[in-house]
Amino acid sequence: MLNGEYNSLKDGSENPLRPKALSEFLGQKTIKSNLSVFIKAANDRKESLDHVFLCGPPGLGKTTLAGIIANELGAELKVTSAPAIEKPKDLAGILTGITERCVFFIDEIHRLKPAIEEMLYIAMEDYEMDWVIGQGPSARNIRIPIPKFTLIGATTKAGAVASPLYSRFGISCRMDFYSLKDIQNIIKRSSTILKVQIEPDAVELLAKCSRGTPRVANRLLRRMRDFAHVENSDIINKEIVKSGLKRLEIDELGLERLDRQILRLIIERYDGGPVGAETLAISAGEAVESLEDFYEPYLIQQGFLKRTPRGRMVTDLAYTHLGLPINTQKTTHRNNDENQSLLF
């Protein structure tokens, strides 16, 4: 989507694995429960839903949830990303084209330019749009009314969103990694939609390697379906999953090759850390954004990595998982440094 272009999602164009209603959306129970109340109240009053802020790691269903909210409201959904809105006129073109109670979804909202943010402030609060007519001394500012709409902003970096913008969202939802049971249920649902049979122990193994992320789970399920097809198997069993994960270089905890490479780099090249994010990203040949948004959250959640004021450091669990000997001397110094840092 370039130069402020946006998409209007319709049922036929969506990923078939994406749920269309809150009742089909698995996991995130607290968020679902609260949203169902807010949506029902808005529908009963025939008003637009308050603006919604969605944050959390990638792949947890923020875009899907935006589509569900629009469906539950019976409203049109407009979709764009912050980098695509380059100039105020791009945003103006979208806002002047929305309908009453429309849901306007902006992905990566933390990347909005300041001029676009300021324009959004008025649109979100007063449902009006500031526009300048003319140039020079004869220029004048007018306010154009726009239909009442619901803005849904999604981000993987909540801390990077400007405080004045964040404060204008009436509903804030932080999405967390999914439980093993929820991921198993998602795999079962997706396998039914994809019309592929999968054995219970294969579901369990696949769920353990899905990083608590539905997007990863569905991606792995599709790949296992490919492996089963080539092996002329009508059912995805545990052996096919084991073989497939090995070929994809994914271990039993869901760590991919680059995950293990990141841990090895810190251990072997930087003596277990600390090491800065930019230095680590360059060493791994990966963008800093990918390192911080995709790889680090899961490694931290699994207890392999921790962030400190001085940089990234691996834990003893990382040594054990990689089958490397723990540098006890380094560990002692590291613990002493951490204890001293807590005193100041």
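Reader: What do the buried residues of H8 pack against?
Author: In this predicted model, they pack against helix H6 (180-193), strand S9 (197-198), helix H7 (200-208), strand S10 (235-236) and helix H9 (238-247).

Reader: Which residues of H8 are the buried ones?
Author: Pro-214, Val-216, Ala-217, Asn-218, Leu-220, Leu-221, Met-224, Phe-227 and Ala-228.

Reader: How many residues does H8 have, and what does it reach from its first C-alpha to its last?
Author: H8 has 17 residues and reaches 25 Å. That is close to the 24 Å expected at 1.5 Å a residue.

Reader: What about the phi of Asn-232, which follows H8?
Author: The phi of Asn-232 is positive, near 60°.

Reader: Back to the helix. Which side chain meets Asp-226 in a salt bridge?
Author: That of Arg-223, with 2.9 Å from N to O. Both residues lie in H8, which covers residues 214-230, and they are 3 residues apart, about one turn of the helix.

Reader: Which residue does Asp-126 form a salt bridge with?
Author: Arg-143, with the closest N and O atoms 3.5 Å apart. This pair links distant parts of the chain, since Asp-126 is in helix H4 (residues 114-126) and Arg-143 is in strand S6 (residues 140-145), 17 residues apart.

Reader: And how does relative accessibility class those two, Asp-126 and Arg-143?
Author: Asp-126 counts as partly exposed at 41%, and Arg-143 counts as partly exposed at 42%.

Reader: What does Arg-45 pair with?
Author: Arg-45 forms a salt bridge with Glu-47, and their closest N and O atoms are 3.1 Å apart. Arg-45 is exposed, with a relative accessible area of 54%, while Glu-47 counts as partly exposed at 39% relative accessibility.

Reader: Which residues are linked in a network of salt bridges?
Author: Lys-157, Glu-292, Glu-296, Arg-307 and Arg-312.

Reader: Different topic. What pLDDT does the protein chain average?
Author: The average is 88, and 90% of the residues score at least 70.

Reader: Where does pLDDT stay under 50?
Author: Residues 8-13 are one such stretch, and the model has 8 contacts for them beyond four places in sequence.

Reader: How many helices and strands are in the chain?
Author: There are 14 helices and 12 strands.

Reader: What share of the residues is buried?
Author: Buried residues make up 46% of the 344 in the protein chain.

Reader: What does the accessible surface come to?
Author: About 17400 Å², with 49% of that belonging to carbon and sulfur atoms.

Reader: Last one. Among contacts between residues at least 6 apart in sequence, what percentage join residues at least 24 apart?
Author: In the protein chain, 69% of those contacts do.

Conventions: Residues are numbered from 1 along each chain as its sequence is written. This is a predicted model: local features need pLDDT of at least 70, side-chain atom pairs count only at pLDDT 80 or more; totals for chains, interfaces and linings use all residues. Side-chain values use heavy atoms; hydrogens and water are left out. A salt bridge is a side-chain nitrogen of Lys or Arg within 4 Å of a carboxyl oxygen of Asp or Glu. Buried means under 20% relative accessible area, exposed over 50%, partly exposed in between (1.4 Å probe, protein chains only). Helices (H or I, at least four residues) and strands (E, at least two) are DSSP runs, numbered from the N terminus. The expected span of a helix is 1.5 Å times one less than its number of residues. Contact means heavy atoms within 4.5 Å. pLDDT is the predictor's confidence in each residue, from 0 to 100. Accessible areas come from the Shrake-Rupley method with a 1.4 Å probe; for residues, only the protein chains shown count as cover.
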